[in-house]
Amino acid sequence: MCKPALLVVAGPTASGKTALAIALAKALNGEVVSADSMQIYKGIPVATACPSMEERDGIVHHLLAYVELHEPFSVARYAKDAREVIADIHARGKLPILCGGTGLYIAAVTDNVCYEDQDDERAASLRTRLQKEWEQEGDQAMWDKLLKVDPVLAQKLHIHDRTRVLRALEVYELTGVPMSEQQKRQKEQPSPYDVTMVTLDFRDRQKLYDRIDRRVDVMLENGLLEETAAVVRLTLPTARAAIGCKELRPYFDGECTLTQALDCMKRRSRQYAKRQLSWFRRIEAAHTLYVDDYDSLTQLRDAALSIYHE
């Protein structure tokens, strides 16, 4: 029996993933399924660069702004939600296009990598404790803890990758099994989909960095300060983790100027983009398209279509 088709558009922040996914959806009778770990949350559309209805241009998008900021969430929950949405899209005769920059979410769907859902009271309590430990002890100490219990995964994660380091520590404490071992076991199971993955990159990295800087400037014009002012007061771990919210908090606390806060946001966004690129470069089956090789979105779309039809 043929596996259902799944087209994946992945890449770093500000690389143009959403625009390409929408163009492909129009050409292939598709719908977009978000694979972004922050765009799932309600209340922070500017900070997470969640595509507006105008930007979606009539294309149906799934798994955007559907989780409350205070609500516990896991990779397992995402994988379950995404698979249900993908099945529904197939049932209606359309092509699901998984689009985002959260590599762990994409892998959970495409590579059959998932974890038992641990969003119970114990998991929530553990998550809160680990967040506090990170704030008190810092990046190096928490990464060192992961190195002791899961050296394989620790070596693959950047020391400042708070989200993934904490998630790996949480999985180990809850299950007693390193996340890298769980990933190894589950990858032995074949993917449930016929996956075509397109990843975006730039030959001239500075062009990507310029895009990131422009995006931050546009966020400011679109109300980032007002949105963040409301969110940072909630003191939720989710809000603190969002790029934009955590960098602007010192500004609201009077610890730095707005210019300094925005410069920090741009710098950390560039660092995040580097980690995303490193993640996607490790995927052997991915087809890389260099955005700066193309003069227009139409040309980029046509290149992606050629890959899909092959």
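D111 sits in the loop between α4 (103-110) and α5 (121-137). The model is predicted. D111 is partly exposed, at 32% relative accessibility. Its C-alpha lies 8.1 Å from that of P192, although 81 residues separate D111 and P192 in sequence.

- Six strands make up an open sheet with parallel pairing.
- The strand order is β3-β2-β4-β1-β5-β6.
- β3 (61-62) and β6 (287-290) are the edge strands, and each pairs on one side only.
- Strand β2 (residues 30-34) pairs with β3 in the parallel sense, over two bridges.
- V32 has H61 in β3 as its bridge partner.
- Strands of a sheet pair through backbone hydrogen bonds, either parallel or antiparallel.

**Helices on the sheet**
- Helix α3 (residues 75-91) lies across β1 (5-10), β2, β3 and β4 (95-100).
- The direction of α3 runs at about 175° to β2.
- α14 also packs on the sheet, where it touches β1, β4 and β5 (194-201).
- The direction of α14 makes about 140° with that of β5.

**The α10/α14 pair**
- Helix α10 (residues 205-221) packs against helix α14 (residues 258-281) at an angle of about 135°.
- The axes of α10 and α14 are 10 Å apart.
- The crossing of α10 past α14 is right-handed.
- On the α10 side, the contact residues are R205, L208, Y209, I212, D213, V216, D217, M219 and L220.
- On the α14 side, they are L262, M265, K266, S269, R270, A273, K274, L277 and R281.
- The residues of this contact divide into ten nonpolar, seven charged and one polar.

**A14, a loop residue**
- A14 belongs to the loop between β1 and α1 (17-28).
- A14 has a relative accessible area of 8%, so it falls under the 20% cut-off and counts as buried.
- Beyond its neighbours within four places in sequence, A14 is in contact with L208, R211, I212 and R215.
- Two of these contacts, L208 and I212, are also among the α10 residues that meet α14.
- A14 and P72 are 58 residues apart along the chain, and their C-alpha atoms are separated by 27 Å.

Conventions
Residues numbered from 1 in each chain as written. Predicted model: local features only at pLDDT ≥ 70, side-chain atom pairs only at ≥ 80, totals over all residues. Heavy atoms only, no water. Axes fitted to C-alpha atoms, helices over the stretch in contact; angles between N-to-C directions. Helix = DSSP H or I, 4+ residues; strand = E, 2+ residues; numbered from the N terminus. Left-handed = near helix turned anticlockwise from the far one by under 90°. Contact = heavy atoms within 4.5 Å. Nonpolar A, V, L, I, M, F, W, Y, C, P; charged D, E, K, R; others polar. Pairing = 2+ DSSP bridges. Buried < 20%, exposed > 50% of the residue type's maximum accessible area, 1.4 Å probe, protein only.
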